Amino acid sequence: MAEQLRLVISTRGRGSVEITDEIAAVVRQAKVDAGIAHIFVRHTSCGLAITENADASVRRDLEMLMQRWAPDGDPAYRHDMEGDDDMAAHARSLLTGVSLTVPFANGRLLLGTWQGIYLFEHRTQSHQREIVVTLLG
């Protein structure tokens with residue numbers, strides 16, 4: 001059995017947005033009792049991650065690391081059609097990834113105690129991001 005739903009998440013520019021509650025709501029309303037939630041973002045300049053949800057400094061530190069690994073405006077980049085953050089955003093998307101798989105049962109995501117699901121916006125401007133949630137059970 002499978003179900004699928006699309007969510008639109010607004011971002012405020014670079015940074016992380018917790019989407020655990022939105023994904024959990026999809027699972028709660030599902031007709032599937034147990035299985036796998038596949039979460040996929042349909043863009044190339046943002047990403048998804050499961051990380052610490054109790055201390056915001058973790059996400060701030062992850063953003064600092066991404067700035068080191070994929071800095072904006074590197075003169076070696078050729079792809080900068082949409083600005084200094086363009087190629088860096090694509091590289092950061094590779095670091096975070098564009099999909100996650102999370103088990104669920106009895107209407108609940110089976111995340112660990114301190115785990116949350118986050119959309120990481122890698123562009124400096126705000127965007128509307130589409131996420132496809134597919135439940136397989």
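Reader: What should I know before I start?

Author: Residues are numbered from 1 along each chain as its sequence is written, and side-chain values use heavy atoms, with hydrogens and water left out. The model is predicted: local features need pLDDT of at least 70, side-chain atom pairs count only at pLDDT 80 or more, and totals for chains, interfaces and linings use all residues.

Reader: How do I read a sheet, and which strands form the open sheet of three?

Author: Start with the general idea. Strands of a sheet pair through backbone hydrogen bonds, either parallel or antiparallel. Helices (H or I, at least four residues) and strands (E, at least two) are DSSP runs, numbered from the N terminus. Two strands pair if DSSP finds at least two bridges between them. Here, three strands make an open sheet in the order S2-S7-S4, with antiparallel pairing. Strand S2 (15-18) and S4 are the edge strands, and each pairs on one side only. On average, neighbouring strands of this sheet are turned by 35° against each other, direction ignored. Axes are lines fitted to C-alpha atoms, for helices over the stretch in contact, and angles run from 0 to 180 degrees between N-to-C directions.

Reader: How many bridges join S4 to S7?

Author: Seven bridges join S4 to strand S7 (residues 115-121), and the two run antiparallel. Follow some pairs: Gly47 stands opposite Phe120, Leu48 has Leu119 as its bridge partner, and Glu52 has Gln115. On the S2 side, four bridges pair S2 with S7 in the antiparallel sense. There, Val17 stands opposite Leu119.

Reader: Why is S7 called largely enclosed?

Author: Use the cut-offs: buried means under 20% relative accessible area, exposed over 50%, and partly exposed in between (1.4 Å probe, protein chains only). S7 is largely enclosed by the rest of the structure because six of its seven residues are buried. Strand S4 (residues 46-52) is mostly covered, with five of its seven residues buried.

Reader: What is the order of the five-strand sheet?

Author: That open sheet runs S1-S8-S3-S5-S6, with antiparallel pairing. Its edge strands are strand S1 (2-10) and S6, each pairing on one side only. S5 and S6 pair over two bridges in the antiparallel sense. Ala105 stands opposite Arg108 in S6.

Reader: Which phi does Asn106 have, positive or negative?

Author: Most residues other than glycine have a negative phi. Asn106 has a positive phi of about 50°, although it is not a glycine. Asn106 lies in the loop between strand S5 (99-105) and strand S6 (108-109). At 72% relative accessibility, Asn106 is exposed.

Reader: Is Thr96 buried or exposed, and what is it in contact with?

Author: Thr96 is in helix H3 (residues 86-96). It is buried, at 18% relative accessible area. Contact means heavy atoms within 4.5 Å. Leaving aside neighbours within four places in sequence, Thr96 is in contact with Cys46, Gly47, Leu48, Met66, Phe120 and His122. Gly47 and Phe120 are the pair that stand opposite each other.

Reader: Where is Glu63, and how far is it from Arg92?

Author: Glu63 is in helix H2 (residues 56-69). At 12% relative accessibility, Glu63 is buried. Glu63 and Arg92 are 29 residues apart in sequence and 9.7 Å apart in space, C-alpha to C-alpha. Leaving aside neighbours within four places in sequence, Glu63 is in contact with Arg14 and Arg92.
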